[in-house]
Amino acid sequence: MRFTRYLVPTLREDPSDAVVMSHRLMLRAGLIRKESAGMYLYLPLGFRVLRKITDIVREEMERAGALEFLMPELTSADLWKESGRWEAMGKEMIRIKDRNGLEYALAPTHEEAFTAAVRSIVSSYRDLPLNAYQINTKFRDEIRPRYGVMRSKEFIMKDAYSFDMDEAGLERSYQSMRKAYRNIFSRCGIETIPVEADTGAMGGSASEEFMVASEVGEEVLLLCAACGYKANQERAQYRRSEAAPAGEPEDLRVVDTPNVRTIDDLAVFFNCGADRFLKSIVYLADSTPVMAVVPGDREINEVKLKNALGALEVELAPDAIVEEVTSAPVGFAGPMTKKPVRTIFDLSIRTTRNAITGANEKDKHYAGVKAGRDFIIAQEADITSAVKGDACPQCGAALDERKGIEVGHIFKLGYKYTKSMNLTVLDENGKAVYPIMGCYGIGVNRTMAAVIEQHNDDKGISWPMTVAPFQVHLVGIAKSEDEISAVEEIYGMLSNAGIEVLYDDRKASPGVKFADADLIGMPVRVTVGKSYFKDGEIEVKLRRESEIVRVGKDAFIGHVRGLIEIEWGRIS
Ligand code: ATP
Ligand code: MG
C-alpha cells in the first residue's frame, strides 16, 4: 500500500482531550477520529488492526467449537420484558420506538436475544451443548464515556452464550472459553490476569474478568503473591482481624461535638485513629433508605452492599433523607437511630467496643459504644473494600493492589434466562428440562487500546506482529527518477512476496518519514536510500530495537521473512 494513496492523517501534537496513552496514540497515528462524545470512527489503518483482532477472536472461538451468528441490533422490548430486564437495565440501555410505537432496545448485550433464538430452534438434548457467538456492535449509554475507545457508547463485542444440559457441561464450556480467552489475548500480544469478579445479586456461580495491568485501568485488583488469589476489588474478600480491645471497657456516654462532622475532624477532636469510629452512611436502595455501618477507616463497597441488600441500585441518599432518617443534620448519623431504619453492618462491626459514633442529634456523638449492647446487629455482611495490605482470604498473606483494564469477562449464568424465558429441551427420558447457561464477552476495541497501552514508547506505537496494520514499513529516500524506480522495485519485491507493506512514497523529509514510521509503529522498518544507491545495502530495523541491519538485495526478502517469523513466534 502506498502512503500517498492511503489516508494516514498523523498529528504532531498530542490532542488536548486525550488523557490516556492509547487514546492519544490512536488519534495521533491516524487510527481513529472522534465523531462525537463517546463515539469514534476507524480510519483504514485502525480498521486493519480491529480486523486482525477479530480474526484472532474468530479463529479461537471456532477452534473451541463455538458457532458464529449475527443477531439484530434492535432487540424488541418484549424480549427484555420476558427476562425482567426492561426496567432493570436502567439508563445505560438506549430505548427507541419505531413509527408504529413499538419499543426496542439498541442491544447493550444479547442474553435475551440468544436465549429466544435457541428456544425457537433447539428442542432436544441432542442439540446440546451449544455455544453461540457473534462479533457485533453494542450500544451503552455510559454515564462517563472516556479514554477513547476504551469506554465508548458504541463498541464491538464478541459475545458468546453457552447452553448445556447440566453443571458439569457448563463447567466444560466455561473452561474451554477460559482457554480460548487466554489464547486470544496472548496472540494479540497482551498479558492478562484473570481475576474473580462480581456476579451480581441475581448472578451465577462463577465469573472471571481478564485484566490488563495498567496505571490507567479503571478496575482495582487485589492480588496475593503467596497463594495466587486474584480478585476485582468489587468482589475481593479479606480476613478481618479481631478489633483490638481499646483499653478498659467503657460505658456509653454522650459527648458534645460542636460542628465536628467528618471522620477527619472527629479524629482530631477525639485524638484517636479513624478506625475507632463507626461510619454510618445512609443510602437509597431501590429508593428505600438503608443505613450502612462500617469502621471509620474503611470504604463502603457499593457493589457488595447492593448484593447484600439484594437491590438493583444503591445510591447515596440526599441530605433531606439523611436528616429524616437520623432526625439530625448531616454529620451526626449513627446506628442508634430514634426511628427504625433498615441497617446493615460490616462483618467487622460485631467485635467493636469503646467506639465513637454519631448520636443522631446535632453536635453530639456517642463514645464508649459497644456492638450488641448499644445496638443490635440484625444484618451483617461483607460491605467494605479490601485494600493493599489486608490479609488474603485464602492464606492470610498481605494482599497487593494493582489497576487493570477489563478486556474480557466469562460468567456462569446458571438458569436465570432459560427459566425466566422458559427455554426447555427434552432430555433422554423425554422430560422437559432447562438448559444451564454461560456467557462470555470480549471488547474488541478495548482490546486494541490495551495492546497499545502495553506496546508503546515515547516515539509512538510498537505493534506486535500479529495485530500490526502492516508487517513492514518501507521508507523510500529517493530524489532522482532512477532512485525512485529502485525503491519501487523493492516495494514490488515485498508485495510479490506476500508481505504486508506500507510504502512511504511521499515527497517528505527523511525526518518526517521516520517520525511517522515510529509513531504508527509497524514492527519492521525498511529504508531504501543513500546506502542502497551507493553500496546496494538495504537497511532493516525492528521497531522495538535500535539496531539497523544492512542486507543486499538478494538476501533481502529471506531476511525480512525471517524477521516476520521470529516476531510472530515471540507472540503466539
Ligand atoms: P465495565 O465494568 O468496564 O463497564 P462491563 O462489566 O460493563 O465492563 P461486560 O458487560 O462484561 O462489561 O462486557 C464485556 C466486555 O465488553 C468488557 O470486558 C469490555 O472489554 C467491553 N466493554 C464493556 N463496556 C464497554 C464500553 N463502554 N466501551 C468499550 N468496550 C466495552
Ligand atoms: Mg459497564
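Tutor: The account below begins with the sheet and then turns to other parts of the chain.

This is a predicted model, in which local features need pLDDT of at least 70, side-chain atom pairs count only at pLDDT 80 or more, and totals for chains, interfaces and linings use all residues. Residues are numbered from 1 along each chain as its sequence is written, chains are lettered from A and ligands numbered from 1 in the order in which they are written, and side-chain values use heavy atoms, with hydrogens and water left out.

The sheet is open and has 5 strands in the order E16-E14-E15-E17-E20, with mixed pairing. Helices (H or I, at least four residues) and strands (E, at least two) are DSSP runs, numbered from the N terminus, and two strands pair if DSSP finds at least two bridges between them. At the edges stand strand E16 (314-316) and strand E20 (380-381), each of which pairs on one side only. Strand E14 (residues 278-285) is joined to strand E15 (residues 288-295) in the antiparallel sense by 8 bridges. Leu284 has Pro289 in E15 opposite to it. Helix H8 (residues 302-309) lies across E14, E15, E16, strand E17 (343-346) and E20, and runs at about 125° to E16. Such axes are lines fitted to C-alpha atoms, for helices over the stretch in contact, and angles run from 0 to 180 degrees between N-to-C directions.

Another antiparallel pair consists of strand E1 (residues 32-36) and strand E2 (residues 39-42), joined by 4 bridges. Ser36 stands opposite Met39 in E2. The hairpin of E1 and E2 has 2 residues between the strands, and Gly38 there takes a positive phi near 75°.

Aromatic rings form a further theme. Rings of Phe, Tyr and Trp (its six-membered ring) pair if their centres lie within 6.5 Å; planes under 30 degrees apart count as stacked, over 60 as edge-to-face and the rest as tilted. The count by this rule is 11 aromatic pairs. Phe185 and Phe210 form a tilted pair, at 5.8 Å centre to centre and with 35° between the planes. This pair links distant parts of the chain, since Phe185 belongs to helix H6 (residues 167-187) and Phe210 to strand E10 (residues 206-213), 25 residues apart. Phe185 counts as buried because its relative accessibility is 0%, and buried means under 20% relative accessible area, exposed over 50%, partly exposed in between (1.4 Å probe, protein chains only). Phe210 is likewise buried, at 0% relative accessibility. Phe270 and Phe277 form an edge-to-face pair, at 6.0 Å centre to centre and with 65° between the planes. Phe277 counts as buried because its relative accessibility is 1%. Ring pairs also link Phe69, Phe114 and Tyr161 into a cluster.

Glu112 lies in helix H5 (residues 111-121) and is buried, with a relative accessible area of 0%. Apart from its neighbours within four places in sequence, Glu112 is in contact (heavy atoms within 4.5 Å) with Leu79, Trp80, Ser83, Arg85, Tyr417 and Met421.
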